[in-house]
Structure formats: structure tokens, C-alpha cells
Amino acid sequence: MTTMDESEIYPLSAHAHFHFRCGPEVSCFNACCGNLTQYLSPYDILRLKKNLGVSSSVFLASYTQRHDGPRSGLPVVTLRPRSESEATCPFVTPRGCRVYEDRPASCRMYPIMRMAARDRETGNIREEFMLIREPHCRGFSTDRKVSVSAWMEEQGLLPYNAANDDFLRILAVKRDKYPGMLPTDMSDRIYTALYDSDRFAGAMKNTASAEEDEAFLHAAYDYVIGCL
Ligand code: SF4
Ligand code: SF4
């Protein structure tokens, strides 16, 4: 067990069980949505912008912040909190999450953390898991027991994991070809291809973008790898 601030972190396997229940009945309902550092994957953004019925460009401008990795120059995107003074998610309401059906992977996964690594030779994915116990989270005070793999399935994580694992191809090529910072113009092109899907699809004259998320992202990742 590792401690991080007041939190406790335990490694566990995909078959291990843990006690957890979250929902409007818990006394801490919405607590975790009020203290936010939320990274968004390209797949998260495809799901969220569709849920909200807006283009990827409007979604990015309205709800996110772009950052460039300080050592890699790779663009990353976080959800922009509702205001500068509080780190509240823009989608939380008194009744819960207003984008629940398409909430990001990290919201689905909590209180589990999943780390994935891709074998360069075989492309096989190796997964490791951690359980995070934070003092504010009352979800552990329950008799309900669930395995990590069942949790991922019930939380609808399988397409998220598949798309995010596919993304690991980019990181491997980036490390080989550009071990340092990316040039800014390349970082901008990669940002558009990964996160601004409608703009990228328009530029590529790709009509498959809207309905075929995984295939579209796979093609966008291939494009990024070709840029590197
Ligand atoms: S997207 Fe939904 S579940 Fe995730 S932090 Fe925001 S309100 Fe909470
Ligand atoms: S703090 Fe834990 S139990 Fe409470 S709403 Fe968030 S995930 Fe659910």
C-alpha cells in the first residue's frame, strides 16, 4: 500500500474484488466532480461532443484547455473547470452528471486506476491496476463487492480502453523519432488530428468521422504517426 497525501493506493489484479457503490444515495454524492484535474483522451472528446450535440471545435473552445507536454511537446487536453475560483466540472449538476452516458474514462474508472503498456513486437497490451482510497469518498462503505474486470464492463469502459490502448502506438513512435520536444507546427497538426475531429475530417475529406469513432480515431492515429 502507498499513501499519497491522505489517500491510500493499493495494487490489485483484474480478477481482484473490492467493495464499492456510488450513486445519489451516498453522502458524498458529486464530491469527486468538484475537485477536478480531468485529462481527456481523443475518444473522450468524441463521446462528449456528440452527447452535447456540438462540433469538436465548439467543444474544445467551450469546455477545455490545451497544454503541451513540458518535455515532449505533445498536446494534451483537460476539462476547463466551471470557474477560476473553483475546480468544479462544467457538467456536474445537483442531480449528478449531465453527460453521464458519455462521461470520460477516468470518471468511469474511479476508484480504480488502469495503467496500460503496449509490447512493441506483438502489440499486446499489459494492464496494471491500482485502487485509490480517498478520505472524502464514502463509496467503500458498502457490502457490494465487484471485480476490477466486472467494474470495467459495467462502467462501459471497453471501447474507451480499446481506443486509448491504440493511442499507445503514437507514444512509441514519438519516443523513437522525437525523444525531445516537438516543433510547434507539428504539435498543432497533431492537436487537430487527435482532438478536433470534425476539423480534421473536413481537412482530410473523411466522411466516416461522425459514426465510426474507433475506425476514425485509428485513421487519425495513423496520420499522426505519419507526421512524426
Ligand atoms: S464528467 Fe460527469 S462524472 Fe465526470 S467529473 Fe464531470 S460531472 Fe463528474
Ligand atoms: S466521492 Fe466516491 S462515492 Fe462519492 S460520488 Fe464520488 S466516486 Fe461516488
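Colleague: Which residues are around ligand 2?

Modeller: Cys22, Val26, Cys28, Phe29, Asn30, Ala31, Cys32, Tyr110, His136, Cys137, Arg138 and Gly139. A residue makes that list if its C-beta atom, placed from the backbone, lies within 6 Å of the molecule. Before you go on: this is a predicted model, where local features need pLDDT of at least 70 and side-chain atom pairs count only at pLDDT 80 or more, while totals for chains, interfaces and linings use all residues. Residues are numbered from 1 along each chain as its sequence is written, and chains are lettered from A and ligands numbered from 1 in the order in which they are written.

Colleague: How does the shell around ligand 2 divide by class?

Modeller: Eight nonpolar, three polar and one charged. Here Ala, Val, Leu, Ile, Met, Phe, Trp, Tyr, Cys and Pro count as nonpolar, Asp, Glu, Lys and Arg as charged, and the others, Gly among them, as polar.

Colleague: And what surrounds ligand 1?

Modeller: Cys33, Cys89, Phe91, Val92, Cys97, Val99, Arg103, Pro104 and Cys107. That shell has eight nonpolar residues, one charged and no polar ones.

Colleague: Switching topic: what is the strand order in the open sheet?

Modeller: β4-β6-β5, with antiparallel pairing. Strands are DSSP runs of E with at least two residues, helices are runs of H or I with at least four, and both are numbered from the N terminus. Two strands pair if DSSP finds at least two bridges between them. The edges are β4 (39-40) and β5 (64-68), each pairing on one side only.

Colleague: How many bridges join β5 to β6?

Modeller: Five. β4 pairs with β6 (residues 75-79) over two bridges, and Leu40 has Val77 as its bridge partner. In the β5 and β6 hairpin, six residues sit between the strands, and Gly73 takes a positive phi near 75°.

Colleague: OK, the core. Which residues touch the most other members of the largest nonpolar core?

Modeller: Ile45, Leu194, Ala220 and Val224, out of 29 residues. Elements giving two or more residues to this core are α1, α2, β6, α5 (158-177), α6 and α8. A core is a set of buried Ala, Val, Leu, Ile, Met, Phe, Trp, Tyr and Cys residues joined through C-beta atoms within 7 Å.

Colleague: What does Ile45 contact, leaving aside neighbours within four places in sequence?

Modeller: Leu40, Ser56, Phe59, Val77 and Tyr195. A contact is two C-beta atoms, placed from the backbone, within 7 Å.

Colleague: And α6, which of its residues are buried?

Modeller: Ile190, Tyr191, Thr192, Ala193, Leu194 and Tyr195. The buried residues of α6 pack against α1 (42-52), α2 (56-63), β5, β6, α7 (197-204) and α8 (213-227).

Notes. A residue is buried if 20 or more other C-beta atoms lie within 10 Å of its own, exposed if 12 or fewer, and partly exposed in between; C-beta atoms are placed from the backbone.
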